[in-house]
Amino acid sequence: MKRGILLSVNGERREVFIEPNRTLLDVLREELSLTGVKEACGRGECGACTVLVDGNPVNSCITLAVEAEGKEIETIEGLSNGGDLHPLQEAFIEHHSFQCGFCTPGIIMTAKAFLDRNPEPTEEEIKNAVAGNICRCTGYDNIVDGILNAAEEIKK
Amino acid sequence: MKDFKYVKKGLKRTDGEMIVTGRAKFTVDMALPEMLFGKILGSPYPHARIIGINVDKAKELEGVKAVVTGKDIGYRRFSFIDTPAYPAEQTPLAVDRVRFVGEGVAAVAAVTEDIAAKALDLIEVEYEELPAVFDPEESMKDGAPAVHDIIEPNTTTAWEDFGIPKAKSRPFKVVNNISNRTLIEYGDIEKGFEEADCIREDRFEIPSTSHVAMEPHVAVANYQPTGKLDVWLTHMGYEHKRFWLAKLLDIPMSMVRVHKTYVGGTFGGKISIFPYEILSAYLSRLTARPVKITLTRQEVFSTCPPARRMIVYMKMGVNKEGKITAYHSKVIDDVGAYRRSSPTAMYLAHSFRNPIYDIANVRHEGYGVYTNKLYATAKRGHSLQQMSFAVESQIDMICEELGLDKVDMRLKNFRKKGDVLPNGDTLNSYALPECLKQAVEKIGWKEKYGKEKSRGFGIGTASMFSGAHNYPFASGAMIRLNHDGRMILYTGQTEFGIGIDTVMAQVVAEVLDCPMDYVIVNCGDSEVSPHDVGNWLSAGMFVSGEAVRRAALDLREQMLNYAATGLEIDVEDLEMNDGWIVSRSDDSKKLSFSDMSRYGIQMAGGDPLIGKGYTKCVPEVYFWKGKYNKTASLSSGKGRFTQAYGLAAAAAEVEVTPETGEVKIIELVVADDCGTPINVKSVEGQIMSQAVMGIGDVLLEEVEIKDGIVMNPNLLEYRVPTANDIPKITSIIVDSYEPNGPFGAKEVGETSRAAAISAIANAICNAIGKRICALPMTNDRIMQAISDKKGGNS
Amino acid sequence: MSLLAEFEYKRPESLDELLDLLSDFEGKAAILAGGTDIIPRIKMGLKEPALVIDIKEIEGLNYVKKEGENVRIGSITTIFDIRNNALIKDRYPVLHEAACLTASENIQLRGTLGGNIIQDTRCVYYNKPKEWRASFKACFKIGGGTCNAAGGAKKCFSVYCGDLAVALISLGASVLIMGKDAEREIPLEDIFTADGKIPFSLNDGDFIKEVIIPSEKKMGGYEKLRLRKSIDYPVVNIALSIDAEERGRLAVGSVAAKPLLYGFSSFEELRQLPDRAYADASPINNMALSPLYRKSMVRVLSEKLIGRI
């Protein structure tokens, strides 16, 4: 049965009227038009749909929207502050950390949560943190570079 | 050569902000008012006759707006290749017979995806199962089940529509399931083998791998009341798409508009046209509403073509000095249910490897063979990686037999810059020897080869066209100067991750010497852009980039001429500098680009200043009627292919754990001769991307098909490398300067993968002292080879 | 694009409320914690619950604590928290290593101990969407009468591929199971039935509240063979724990519906185990890599692990 739920997305209160079987991914994309959240596998196998729920990365394709009720949801759309890009976004541009860009929002959100819990990471730790996110274009090297440099920028 | 200002730099992507903010709209993100959602019902059988389809219950479901079957649409055939010799044979939905598991039999449009999915459950299909054939070599035998009988072509084939009436379309009678043949010969192969001191004959098997573009296959179609069809597709070039949509829906091509979208990766997998694209358009016309069809990952794996599966019989003869005296390849391309690009692939299987080794006596046979499996297509190299694996493996085997140095032997056989290939192509740039030398030096070949147990070293080579001779390999570009002095570039190139928008802006900025942000790139909109090849066969920079450069030159000349009149000085005295036109002798005399735009309109009769440029890949090949038809033959390999070849060599060091067969890549070096790298970072990105894809090809990836069913149709069971699987990789750009390319550039996107595959594969075999003639080299296969006392050599 | 069947959703805040719901829905309820196993199964039509019970808000299920002779881990403790727990790292290297090697870091952050333990058994013919399975007859695990992986077989050959349970079994862990009317503590290995069709012996109303590990420090380690160094389930996984008196357990996962378990009371006995495990393992062709290879890796990895410890 449909129910109204209140989500907090990128700091805004958003009310949606949905069936409980809708995934968070689906609701963010279809109901709230936050299409920066991407679906590539639908089964939690690739990380493209990663968003943050209370600061932790989740695969939104295998998370129910109702699970996120009352929690803080962050998507790529909420990462930049107005026109100012987040250091991760800046670094991803600077270091060619994307090619087609389809997996990029998920990887940036994974990296955001990772740097929040580990502000001074090693290269190996970065690789391990993003190893649940599949990128078919870059070969990952530039992604690791981008995250390393963003970490340094954030420290400043 | 003068120093470049914008070219040969690692500039940032101009669309970076769009990507990293999530604001870039991909086709999956498209939503239109009143949009319906389509789903396609697939066959559960590999080969069956459709006795009847009952769609009544599905039609009655609330929210269902249309249900169509193959009978409703009829025999409208399409393919990648559609010539009088090889007429198209696939239909948007199967009409009376299904030929692979997953082939569409009915399609639904409904108000939600959920309802569409439920409607599929309500469609009743009665099948009569037919004997099926899965093994291509069994399929070629007398008495094997026939996948096709007689293929009745459309009224005209695509080639006739393109204006090449070599022959009239005619029915194609399939014999022994052979869909297409290629035979390319030169020299005297018997004599060549007589001159050899070592002759090897080996069989190599290369499975399908999947492209795994992260954006799944998706189409949005909006058929307008005016008869116009607007589509948003995830693709790599719109000419094929709009041609086929127009032809299959009987609407003028100019009434089909392929809109620009961001494209989430392609790697060859989104080339030409697909049933879901045609069906979205068909359903949109039927319902008079926009229709979106998004395939699930399972549907992408099970119904969209992966890379070609090949069996390669290689026979090579080499004399004691290490010179290859004869080469005979026989390739069986397991095309699956539809031949798609197999005729091209079977000729590319020869021609992509042709510029590498100078071999006087060659025979190449290629056979496309139908089976009851998912059809196949191009993937990043289209036959190059399959052939490179076979040839480079066998060369290593021969070197081991004759005791030759693997590096020296290859260097001895390489062609040379300036060589004219048997088909007439000239190697105007050729730095393959340099590539190999640099790769082996970086890996420490001389010092380390054969020194440590369980360590192995391998090398591989590859080459690739920079676009091809055949239709539609030409490109046009326009640049319009605006009042603020900035320019809009119109090109038919499609950005799918390669950074084409950025490099095209670099080309324009370089020619016109203006800041990068003076160039706004409008790419990939079929209604706005001039004719363009699309980004495949690595034509993007070499062909379309040259068209853009010429358009910029044209605009530059117009601007300089007006400036000379306006400033009343000689045009020779003028130069462009950072967005200004300045007198060389008196820098107080200058005009801004913005001034030029206004000058053109006010003083020169309203001239808005539009630069125009165009080029063909191979200028002397005409794809036209009668005696002008000089197109190369896919089946005999005669005639010009391309104007420039990209080349690459790779070297790998690996360690194999003898107890488990686990492979650890210690280092991988890929050296790529791509001519001038227009954007150094993008080029490095292309090389790195291919190196990692190659690692997946050798160690992990195979679309496993059992009894016609794709067994691993998801990203858990079809494994692509993760960030934790990446070893130390070095990319080396070897700039050979290609005289025919824009600023000396040529192909870069497809060569390195094959070089990396052969290097890693050879290194593994070197490490274990046994030869594995199939990919992927999974742990179990490696252990099998290690324990196999008889097989292989070391 | 992948659609879930319809169900109701409840988010109890107490254990009692949870147990009431479980008993009211008599097997038609599914417990949701991290969701990394259950949601894909629902999406594929492998499970069609009438009710999904989200247990993440239940107080007092997320902990690692030492209590008397035992260390107790609450069932919704995440795999990531287990990996980073100093007590666990210090006392149970086998569990720490297993947590480090489970799936990917993001999944570790989401997935929970309880969910990881009672993840369903797997088979290449089973873990697929409904449309894909239309090419096959209904197998034992779906409720039919055939095994698509082994033609003619009389039982289900699906394989248990969990990481943490194998490590925990080697540690001699037990689980505290809450039912409607009673709670009981049983050895972890006893919740496995060895039947792929219904791999766990839990009743419909049962809920694993916590895992209890004897607090004694154990030497040990975990070997996981997987094709990629992230995301993947094990091809074969081996866990070994040894106490100060050379007694311990070796557990082998991913070769059958229940982990193989071997006790030993000396190094001498331990050294015999790789051969025994090899003889006992009989994988069939229903996972990645050939069964022959997987079988031989049982011995190779056991020996490797013993050598390492």
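How many residues does the contact take from chain B and from chain A? In this predicted model, select both sides, and you will have 43 residues from chain B and 40 residues from chain A.

Stay on the side of chain B that touches chain A, and colour α1 (16–20) and α19 (680–699) of chain B, each of which supplies at least two residues there. Of the elements, α19(B) gives the most to this side, with 7 residues. If you then colour the side of chain B that touches chain A by residue class, you will find 21 nonpolar, 13 polar and 9 charged residues.

Next, turn to where chain A meets chain C, a contact that takes 24 residues from chain A and 23 residues from chain C. On the chain A side, select β4 (56–59) and α4 (123–130), the elements of chain A that give two or more residues to the side touching chain C. The largest share, 4 residues, comes from β4(A). By class, this side of chain A divides into 8 nonpolar, 11 polar and 5 charged residues.

The C-alpha trace of chain C spans about 55 × 50 × 35 Å along its principal axes. Its radius of gyration is 19 Å, which agrees with the value near 19 Å that a compact globule of 309 residues would have. Of those 309 residues, 59% count as buried, and among contacts in chain C between residues at least 6 apart in sequence, 63% join residues at least 24 apart.

Notes:
Residues numbered from 1 in each chain as written. Chains lettered and ligands numbered in written order. Predicted model: local features only at pLDDT ≥ 70, side-chain atom pairs only at ≥ 80, totals over all residues. Contact = placed C-beta atoms within 7 Å. Nonpolar A, V, L, I, M, F, W, Y, C, P; charged D, E, K, R; others polar. Rg over C-alpha atoms; globule rule 2.2 N^0.38 Å. Buried ≥ 20, exposed ≤ 12 C-beta atoms within 10 Å, placed from the backbone.
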